[in-house]
Amino acid sequence: MVSTRRSKVAVAICGSYDNEKVYRAVSGAIGALGGIESFVSPSERILVKPNLLYPSESERVITTHPAVISAVLRLLAEAGCGSVSIGDSPANGNCVGALQKLGLTEDSLCGARIADMSHEVTFEYPEGKTARRFYFAREVTESDAIIGVCKMKTHMLERVTGALKNMYGLVCGFRKAVGHTTYNNAAVFARMLCDLYKATPQRLHVMDGVVAMEGNGPASGDPVSMNVILASSDPIALDSVFCRLVYLSPRLVPTNVYGALAGIGTFEESEIDLVLIDEDGGESSVSMKELVERCGNPDFDVLREGEKLNVLTLLARITGGKRKPVIDPARCVKCGVCVDHCPVEGKAVSFASGRSEPPVYNYKKCIRCYCCQEVCPKKAISVR
Ligand code: SF4
Ligand code: SF4
């Protein structure tokens, strides 16, 4: 049977974080999808969800760049949207602090309000296949529409973090860490994300890939220029285009595989229409091959283990959890952030040798959630 599904991904070339250039690129990409007005209406309560993993300067590429966030907010303001808030639930610190670190205050948000992501609401979702209850920030349940503004980054659990994974920040504070113990491997975590996605009023995704993060992501990796901004209403198609651009098979990413199975979107090249927007605003339809030739990076450092395996074998390997987090004592400042964030009861990483030594792992307890690696402020933890 021939599939009738079609998803559209717009890719705008953007060579720098100059505010006007970014605005033109974001505007061009969303324009190619029909314009912001085709996703939201002015009377709706709209939550813009960037990736604010933790408070850090934009140069560290841990978070969505403020120019991309501002461009989306400006478009919404220009469309007459009068009830816009911006919020994320960082792994460390809080939303206001993370935005301040990016130089964004309420005065510079085009009339948008900073969401209070600290009030938790229990949200029952009986339709869920894997997760039937979420602990969302109240702002999430009070929104009519959500627009994701994610960052193009690597991730040790899911290989990449993009549009779908970004939505985990809708979950309130410490509940995120606890969620890793409930959904304790890459496959089941991805399935939970699919339920979360379907439980919330998702409309559109914009990905900041001007400068991406490769290597030891999502917080300890290295910046790499990809010079693109992507947009789509289909998070799976968008994330799969990210994969193609870095020469990673989309099938190796659990969020893509389960997202497609859940009917959220498609990673099939034959089902994705691509529009390329040049820096001068010129728009053209391109094939995936043409796009990758123009914008791809075969040297992008991302976990490629298992590229020769089929999906089932790969997922078996993922859930087997062979890799593990390792601390580099030369980088460790013994701050204890990793210990604080380990969600396992009794801690799988601790100062078992005393506070004068780096923490040590108990790999028998460790569930390989990599929360410790994600929050280490000194890039001292890698996954091997
Ligand atoms: S978070 Fe990083 S720097 Fe801090 S104790 Fe853990 S490994 Fe060391
Ligand atoms: S030690 Fe790290 S990877 Fe292992 S369970 Fe704790 S936070 Fe997760």
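In which loop does P218 lie? P218 sits in the loop between strand 9 (202-214) and strand 10 (222-232). Strands (E, at least two residues) and helices (H or I, at least four) are DSSP runs, numbered from the N terminus.

## Basis of the model

This is a predicted model, in which local features need pLDDT of at least 70 and side-chain atom pairs count only at pLDDT 80 or more, while totals for chains, interfaces and linings use all residues. Residues are numbered from 1 along each chain as its sequence is written, chains are lettered from A and ligands numbered from 1 in the order in which they are written, and side-chain values use heavy atoms, with hydrogens and water left out.

## Overall fold

The chain contains 13 helices and 16 strands. Its radius of gyration is 20 Å, close to the 21 Å that the globule rule gives for 384 residues, so the chain is as compact as a globular protein of that length. The radius is taken over C-alpha atoms, and the rule is 2.2 Å times the number of residues to the power 0.38. Along its principal axes the C-alpha trace spans about 60 × 50 × 45 Å.

## Backbone details

The peptide bond from G217 to P218 is cis, with omega near 10 degrees. R159, located in strand 8 (residues 159-161), has a phi near 75 degrees, a positive value in a residue other than glycine. Most residues other than glycine have a negative phi, and most peptide bonds are trans.

## Helix packing

Axes are lines fitted to C-alpha atoms, for helices over the stretch in contact, and angles run from 0 to 180 degrees between N-to-C directions. Angles under 35 degrees count as roughly parallel, over 145 as roughly antiparallel, 65 to 115 as roughly perpendicular and the rest as oblique. A crossing is left-handed if the near helix is turned anticlockwise from the far one by less than a right angle, and right-handed if clockwise. Contact means heavy atoms within 4.5 Å.

Helix 9 (residues 254-261) packs with helix 8 (residues 235-245) at about 150 degrees, the axes being 10 Å apart; the two helices are therefore roughly antiparallel. Their crossing is left-handed. On helix 8, I236, D239, S240 and C243 meet T255, N256, G259 and A260 of helix 9. Helix 9 also packs with helix 7 (residues 186-199), at an angle of about 45 degrees and with the axes 9 Å apart. Helix 7 and helix 9 are therefore oblique to each other, and their crossing is right-handed. Here A186, A187, A190, R191, L193 and C194 of helix 7 touch P254, T255, Y258 and G259 of helix 9.

## Ligand surroundings

A residue is near a ligand if one of its heavy atoms lies within 4 Å of it. Ligand 1 is surrounded by 13 residues, the closest being C332, C335, G336, C338 and C376. By class, this shell holds eleven nonpolar residues, one polar and one charged. Ala, Val, Leu, Ile, Met, Phe, Trp, Tyr, Cys and Pro count as nonpolar, Asp, Glu, Lys and Arg as charged, and the others, Gly among them, as polar.

Around ligand 2 there are 14 residues, of which C342, C366, C369, Y370 and C372 come nearest. The shell of ligand 2 divides into 13 nonpolar residues, no polar and one charged.
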